[in-house]
Amino acid sequence: MAATRPAGTTAGTTAVIAVTALAPVSWGTTYAVTTEFLPPDRPLFTALMRALPAGLLLLALTRVLPRGTWWAKAAVLGALNIGAFFPLLFVAAYRLPGGMAAVVGSAGPLLVVGLSALLLGQRPEPRTLLTGLVAALGVSLVVLKGAGALDLVGVLAALASTAAMAAGTVLTKRWGRPEGVGPLALTGWQLTAGGLLIAPVALLAEGAPPALDGRAVGGYLYLAVANTAVAYWLWFRGIGRLTATRAGFLGPLSPLTAAVVGWAALGQALTPMQVAGMVLAFGATVAGQLGGRTRQQFSSAEKNHHKDSMDLTVPALRR
């Protein structure tokens, strides 16, 4: 008996969704690696070590640099997806109680829906908006713990990081990629641009890099290679084939993975309320993939940009 697929998807689209989902799943391991392997209280240095080495590695592998207007576009995308997102996310995590930063971040799918309507001409459906609200509710039940005084700077940082990632996702879809450039090269451009943006901020705010032992080196290698270079390559590759809304609804997989890793590897208990929230958030993530348009169906705004974003078969390693 043939396996069933979500309505509105093809076998190829389902496979792309599954592979793209590996990116937020990988990002969900960041908290455990950071707390168990890395030096404490160095969020900006950690953000730098995630971005810049990974970007330089991909640049060395692809040997492709931006041309023309893509210098500016790569800088903008790198600032939104990496350079602004990483530091703001860490500031929020350090200043807000419990999982409040993740709760604010769970509004990401709704922001993607709104920006997609503005920049891509995708009219939001009531079902999509409801699914986004359910996803936010589910994540809240999973990560939101005891109440505490909310820090205004932390809340603003969480909102700004979520808005930056949402804008980066939609603009990545709108601009696509230049002809002959693969998603691996595009990922390298963004990680390098974002890392170069973080570097002076980290140096000014945190001073010289800390001494690293073997555990820290291993942790940073994992973050730079698997958690960042590979994960962001999968993410940007997926954005080229999926609608921005579908990609945005994969975001809740990150806090869900963090909760599962905390339970399985760190011995953190899960309450019935958290389990219920995980079911809601995961169900909303799946629902966010249903009934969407396939790869060949575009809004009028997307048609103007689909040539660059569609061809994912062009080899990145041409030289």
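Buried means under 20% relative accessible area, exposed over 50% and partly exposed in between, with a 1.4 Å probe and protein chains only. Helices here are DSSP runs of H or I with at least four residues, numbered from the N terminus.

This is a predicted model, in which local features need pLDDT of at least 70 and side-chain atom pairs count only at pLDDT 80 or more, while totals for chains, interfaces and linings use all residues. Residues are numbered from 1 along each chain as its sequence is written, and side-chain values use heavy atoms, leaving out hydrogens and water.

Let us start with α13, where the buried residues are Q274, G277, M278, A281, A284 and T285. They cover an arc of only 135° around the axis, so they sit on the same side of α13; the arc is taken from the directions that run from the helix axis to the C-beta atoms. P272 and V279, on the other side of α13, are exposed.

How far apart are the end C-alpha atoms of α13? They are 22 Å apart, which agrees with the 22 Å that the 16 residues of this helix (272-287) should span at 1.5 Å a residue. The expected span is 1.5 Å times one less than the number of residues.

Two packed helices are described by the angle between their axes and the distance between the axes. The axes are lines fitted to C-alpha atoms over the stretch in contact, and the angles run from 0 to 180 degrees between N-to-C directions.

Helix α3 (residues 43-62) packs with helix α9 (residues 183-206) at an angle of about 145°, and their axes are 7 Å apart. The crossing of α3 with α9 is left-handed, meaning that the near helix is turned anticlockwise from the far one by less than a right angle; clockwise would be right-handed. The contact of α3 with α9 holds 21 nonpolar residues, six polar and one charged. In this count Ala, Val, Leu, Ile, Met, Phe, Trp, Tyr, Cys and Pro are nonpolar, Asp, Glu, Lys and Arg are charged, and the others, Gly among them, are polar.

With helix α10 (residues 214-241), α3 packs at an angle of about 60°, the axes being 8 Å apart. That makes α3 oblique to α10, a class for angles that are not under 35 degrees (roughly parallel), over 145 (roughly antiparallel) or 65 to 115 (roughly perpendicular). The crossing of α3 and α10 is right-handed.

F45 lies in α3, W27 in helix α1 (residues 11-27) and K73 in helix α4 (residues 70-95).

| Pair | Separation in sequence | C-alpha to C-alpha |
|---|---|---|
| F45 and I198 | 153 residues | 8.4 Å |
| W27 and N227 | 200 residues | 6.0 Å |
| K73 and T172 | 99 residues | 9.2 Å |

F45 is buried, with a relative accessible area of 8%, and W27 also counts as buried, at 13%. K73, at 23%, counts as partly exposed.

**Positive phi in two loops**

Most residues other than glycine have a negative phi. D41, not a glycine, has a positive phi of about 60°. D41 lies in the loop between α2 (30-37) and α3, and counts as exposed at 56% relative accessibility. R63 likewise has a positive phi, near 55°. R63 is placed in the loop between α3 and α4 and is partly exposed, with a relative accessible area of 47%.
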